[in-house]
Amino acid sequence: VQEALRVNEPTDVWSLILLLLALFGGIAVFRAVRLVPRSCALIVERRGRFHAEYRAGLHLLMPFIDRERSMVDLREQEMVMSPRQVTTSDGLVVSTDLTVYFQVIDPVRTTYQVPNYLEACEQLVITTLRHVVGAMDLEQVLAGREQVGVRVRDVLNWTTCRWGVRVGGVELTLSEASLMSSDARRPLDAP
């Protein structure tokens, strides 16, 4: 009975070794071949440090040594901000809708200079808008809506260029203006 259950052991061992080698080779090929889509960049690290930036095409990585850090979209993107309440220098609250168009121009700096460039850009847009509109009175804001957009874009570009991001345009829409409060308006009306 034992002889019937016993199989040729050396052949089974070699079969198991070949199966494991084939499995390991398949995993290595799967981890080594990377297809980067058009208008994207792949950031690769080797042993925890930046190694290479790969653009569109088929690329080979060192399996188990290279690591894919991030895939960065290089197309122009739009960030639509929800309506924000901004106070002008004369105490009026203006509701603004803002659309920002930006593009990653240096994926390496975008990956390593700021943890999350989308959130950082959004916070920077909000702060810059408040600063620019807050330095103007309502008449200046209404008369120079395009100028406000250009000033916001220039300030954003000055900061985001260090992150590898270029701001292409800012569109600003003013919805309404209202008094902050009657107490806040009185000192401005007083002679």
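**Core**

I looked up the largest nonpolar core and found 36 residues in it, with Leu 98, Val 100 and Leu 156 having the most contacts inside it. A nonpolar core here is a set of buried Ala, Val, Leu, Ile, Met, Phe, Trp, Tyr and Cys residues joined through side-chain atoms within 4.5 Å. Buried means under 20% relative accessible area, exposed means over 50%, and partly exposed lies in between, with a 1.4 Å probe and protein chains only. I note that this is a predicted model, in which local features need pLDDT of at least 70, side-chain atom pairs count only at pLDDT 80 or more, and totals for chains, interfaces and linings use all residues. Residues are numbered from 1 along each chain as its sequence is written, and side-chain values use heavy atoms, with hydrogens and water left out.

Which elements supply at least two residues each of this core? I listed strand 2, strand 6 (77–87), strand 7 (92–104), helix 4 (117–134), helix 5 (138–143), helix 6 and strand 8 (165–179). Helix 4 gives the most, with nine residues. A second, separate core has seven residues, among them Val 36, Cys 40, Val 44 and Ala 52. As background, nonpolar side chains tend to be buried together in soluble globular proteins.

I then picked Val 100 and asked what it touches beyond residues up to four places away in sequence. My list reads Gln 77, Glu 78, Met 79, Val 125, Leu 156, Val 167, Gly 169 and Val 170. Contact means heavy atoms within 4.5 Å.

**Whole chain**

I counted seven helices and eight strands in the protein chain. These are DSSP runs numbered from the N terminus, helices being H or I with at least four residues and strands E with at least two. Of the 191 residues, 35% count as buried. Among contacts with a separation of 6 or more, 67% come from residues 24 or more positions apart.

**Sheet 3-2-5**

I traced an open sheet of three strands in the order 3-2-5, with antiparallel pairing. Its edge strands are strand 3 (49–54) and strand 5 (66–73), each pairing on one side only. From one strand to the next, the twist averages 25 degrees; axes are lines fitted to C-alpha atoms, for helices over the stretch in contact, and angles run from 0 to 180 degrees between N-to-C directions.

Strand 2 (residues 40–46) pairs with strand 3 over five bridges, in the antiparallel sense. Two strands pair if DSSP finds at least two bridges between them. I also noted that the bridge partner of Arg 46 is Arg 49 in strand 3. The two strands form a hairpin with two residues between them, and Arg 47 in the turn has a positive phi of about 55 degrees.

**Other positive phi values**

Ser 39 has a phi near 60 degrees, positive in a residue other than glycine. I placed Ser 39 in the loop between strand 1 (33–36) and strand 2, and its relative accessibility of 30% makes it partly exposed. Phe 64 has a phi near 70 degrees, again positive in a residue other than glycine. Phe 64 sits in the loop between strand 4 (57–60) and strand 5, and is partly exposed at 44%.

**Thr 160**

Is Thr 160 buried or exposed? I found it buried, because its relative accessibility is 1%. Thr 160 belongs to helix 6 (residues 145–160). Its side chain reaches the backbone oxygen of Val 165 at 3.1 Å. Leaving aside neighbours within four places in sequence, Thr 160 is in contact with Cys 121, Leu 124, Val 165 and Val 167.

**Cysteines and Val 29**

How many disulfides does the structure hold? I found zero, a disulfide being a pair of cysteine sulfur atoms within 2.5 Å. Cys 40 is buried, with a relative accessible area of 13%, whereas Cys 161 is partly exposed at 37%.

Last, I looked up Val 29, which lies in helix 2 (residues 9–32). Val 29 counts as exposed, at 53% relative accessibility. Val 29 and Pro 63 are 34 residues apart in sequence, and their C-alpha atoms are 7.5 Å apart in space.

Definitions and conventions:
A polar contact is a pair of N or O atoms within 3.5 Å; within protein, one must be able to donate a hydrogen and the other to accept it, and residues adjacent in sequence count only if both atoms are side-chain atoms.
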